[in-house]
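Have the sequence and the model in view as we go.

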Amino acid sequence: MKILILIASMVSWGISNPLADLAITQFSPLLLSLIECTVGFLFIAIVTFIRRSKPQIPWRLVVPIGIMQPGLAWLLGNTGYTHETASTGVLILTGETLFTVLIGVFWLGDRLTNKQWFYFLLGMFGVVVASATGTHLDATSTSIYFVLSAVLFGIYANILRKHLSEYSPVDLALGQTLVSVLFLGVFYLISGQNAPADVSTHIWGVGSSLWFIWSRPALCRF
């Protein structure tokens, strides 16, 4: 069962990247991130209601990590898609696992074998190559947005391991998406952006369906 959950998590992540690349053609990165977090929060709130259990949410930690992930991480990733191709984004964002490992080594004292270090360095080399050879739509490389998004996930994953492993993934997801909605909503109001007109129905559907990206970090904790 755990293997199936991890496979579902992997598939959702793979599908989400080209969909985000499509949705960003008509939504701003900030608005798309807000749509994703809002729909995700509503879905998880419904799940919580069906479970009929009182959420246990440690707000002292959930507020900062909710701003970080999914809030800033998704905003950075969506900003990257305005300048880079989906294939470039996917290749760089696979670095999430590499940054998780690296931060775990230096912060949590994880140990790697020589073979694991070899594969880790090989993966990092791949991220560097993808960052340097991506098709940039302007003169300046913007793949740094994907790199920063991957770094934030690595920090987030290790905070979960160190401080929040005893809490329900659903409760944490509920709190984090709520924090992200408030954070991105305030940011959106301050930015003075307006919702785009004449957005096709299927693009709204794509943007709204991207909430399932959030299932990945939650599923990976089972």
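Buried means under 20% relative accessible area, exposed means over 50%, and partly exposed lies in between, with a 1.4 Å probe and protein chains only. This is a predicted model, where local features need pLDDT of at least 70, side-chain atom pairs count only at pLDDT 80 or more, and totals for chains, interfaces and linings use all residues. Residues are numbered from 1 along each chain as its sequence is written, and side-chain values use heavy atoms, leaving out hydrogens and water.

Q: Why is Thr82 called partly exposed?
A: Thr82 has a relative accessible area of 29%. Thr82 sits in the loop between H3 and helix H4 (86-93). In space, its C-alpha is 7.4 Å from that of Thr25, although the two are 57 residues apart in sequence.

Q: What makes Arg52 count as exposed?
A: Its relative accessibility is 72%, and exposed means over 50%, so Arg52 counts as exposed. Arg52 belongs to the loop between H2 and H3. Arg52 also has a positive phi of about 55°, although it is not a glycine.

Q: Why does Thr38 count as partly exposed?
A: Thr38 has 28% relative accessibility, so it counts as partly exposed. Thr38 is in helix H2, and its C-alpha lies 9.6 Å from that of Leu184, 146 residues away in sequence.

Q: How is the secondary structure of the chain made up?
A: The chain has 10 helices and 0 strands. Helices are DSSP runs of H or I with at least four residues, strands are runs of E with at least two, and both are numbered from the N terminus. Of the 222 residues, 46% count as buried.

Q: Why is H2 called oblique to H3?
A: The axes of H2 (residues 29-51) and H3 (residues 59-81) come within 9 Å and cross at roughly 135°. That makes H2 oblique to H3: angles under 35 degrees count as roughly parallel, over 145 as roughly antiparallel, 65 to 115 as roughly perpendicular and the rest as oblique. Axes here are lines fitted to C-alpha atoms, for helices over the stretch in contact, and angles run from 0 to 180 degrees between N-to-C directions. The H2 residues that meet H3 include Pro29, Leu30 and Cys37, and among their partners in H3 are Pro70 and Trp74, where contact means heavy atoms within 4.5 Å.

Q: What kind of peptide bond runs from Gln69 to Pro70?
A: That bond is cis, with omega near 20°. Pro70 lies in helix H3.

Q: What makes H3 roughly antiparallel to H7?
A: The axes of H3 and H7 come within 8 Å and cross at roughly 155°. An angle over 145 counts as roughly antiparallel, and that makes H3 roughly antiparallel to H7. By class, this contact has 16 nonpolar, 6 polar and no charged residues. Ala, Val, Leu, Ile, Met, Phe, Trp, Tyr, Cys and Pro count as nonpolar, Asp, Glu, Lys and Arg as charged, and the others, Gly among them, as polar.

Q: Why is H5 oblique to H7?
A: H5 (residues 95-107) and H7 (residues 144-163) pack at about 50°, with their axes 8 Å apart. That makes H5 oblique to H7. The contact residues divide into 10 nonpolar, 6 polar and 3 charged.

Q: How do you know that the span of H7 agrees with its length?
A: The expected span of a helix is 1.5 Å times one less than its number of residues. The 20 residues of H7 should span 28 Å, and its end C-alpha atoms are 28 Å apart, which agrees.

Q: Why is Ile159 called buried?
A: Ile159 has a relative accessible area of 13%. Buried means under 20%, so Ile159 is buried. Ile159 is found in helix H7, and the buried residues of that helix also include Phe153 and Leu160. Not counting residues up to four places away in sequence, Ile159 touches Ile65, Met68, Trp107 and Leu164. Its C-alpha is 9.9 Å from that of Trp107, 52 residues away in sequence.
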